[in-house]
Amino acid sequence: ISSLPRREPAEPGLQWNLLVDTIAETCSSVEEAEQILTSVYHLRSMAYLITDSNGRAVVVEAEPGNVKVRRPENGVLISTNHMLGEEDVSERSRHSRIRYEHTEGILRERIGEVDETLAEEILSDHHCTICAGIHGGNPDEIGRREGWGTIWSTICRPDKRILKVAPGHPCEVGYETIRFEDVSAQSLSR
């Protein structure tokens with residue numbers, strides 16, 4: 001999930017955390033998750049990047065009263081903190097567009113080479129505030145100085161049933177691997 005520019009809801013609806021829990025508990029495919037996300041009224045503006053073990057993926061960009069679904073183009077699908085095609089001129093959206101374009105450029109240059117290592121490199125990148133950590137201990141770097149960038153990141157491999165999580169700035173803490181089987185076993189033992 002990625003937060004999008006705030007829009008005030010006009011009617012009752014569902015909060016993002018309930019939707020994430022519902023999808024995690026009930027869906028086994030991208031299509032099932034997409035159906036849920038496109039059929040409800042959203043209270044908060046969020047982008048949901050959904051993938052499944054069959055290699056399918058979508059980004060559902062949802063805000064109160066408006067839902068858009070994006071699919072991979074030439075094998076690339078990116079989600080940041082703005083709705084593609086929207087004319088929001090806020091500072092937050094400007095930074096998000098810069099991160100999106102930088103990431104898209106890297107992925108297009110490296111088609112056929114995209115793997116977890118490249119994903120970790122991109123998510124730890126400070127070139128355009130993708131990561132908000134301090135590379136080399138310089139607090140004046142743009143990511144920290146302006147308060148933009150990722151503070152936690154996740155790489156999910158549904159096909160391998162693993163989740164790699166950087167619990168903090170990825171450039172500073174690195175990624176920890178969580179296996180789906182371990183999480184399922186912990187849930188059952190409670």
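Visitor: What makes Asp115 a cap of the N-terminal end of H4?

Guide: A side-chain oxygen of Asp115 lies 3.2 Å from the backbone nitrogen of Thr117. A polar contact is a pair of N or O atoms within 3.5 Å; within protein, one must be able to donate a hydrogen and the other to accept it, and residues adjacent in sequence count only if both atoms are side-chain atoms. This is a predicted model, where local features need pLDDT of at least 70, side-chain atom pairs count only at pLDDT 80 or more, and totals for chains, interfaces and linings use all residues. Residues are numbered from 1 along each chain as its sequence is written, and side-chain values use heavy atoms, with hydrogens and water left out.

Visitor: Why is Thr80 called buried?

Guide: Buried means under 20% relative accessible area, exposed over 50%, partly exposed in between (1.4 Å probe, protein chains only). Thr80 has a relative accessible area of 10%, so Thr80 is buried.

Visitor: Which side chains form polar contacts with that of Thr80?

Guide: The side chain of His82 does, at 3.2 Å, and so does that of Ser96, at 2.7 Å.

Visitor: Which residues of helix H4 are buried, and why are they said to line one face?

Guide: In H4 (residues 116-123) they are Glu116, Leu118 and Ile122. Seen down the axis of H4, these buried residues fall within an arc of 160 degrees, so they line one face of the helix. The arc is that of the directions from the helix axis to the C-beta atoms.

Note on methods. Helices (H or I, at least four residues) and strands (E, at least two) are DSSP runs, numbered from the N terminus.
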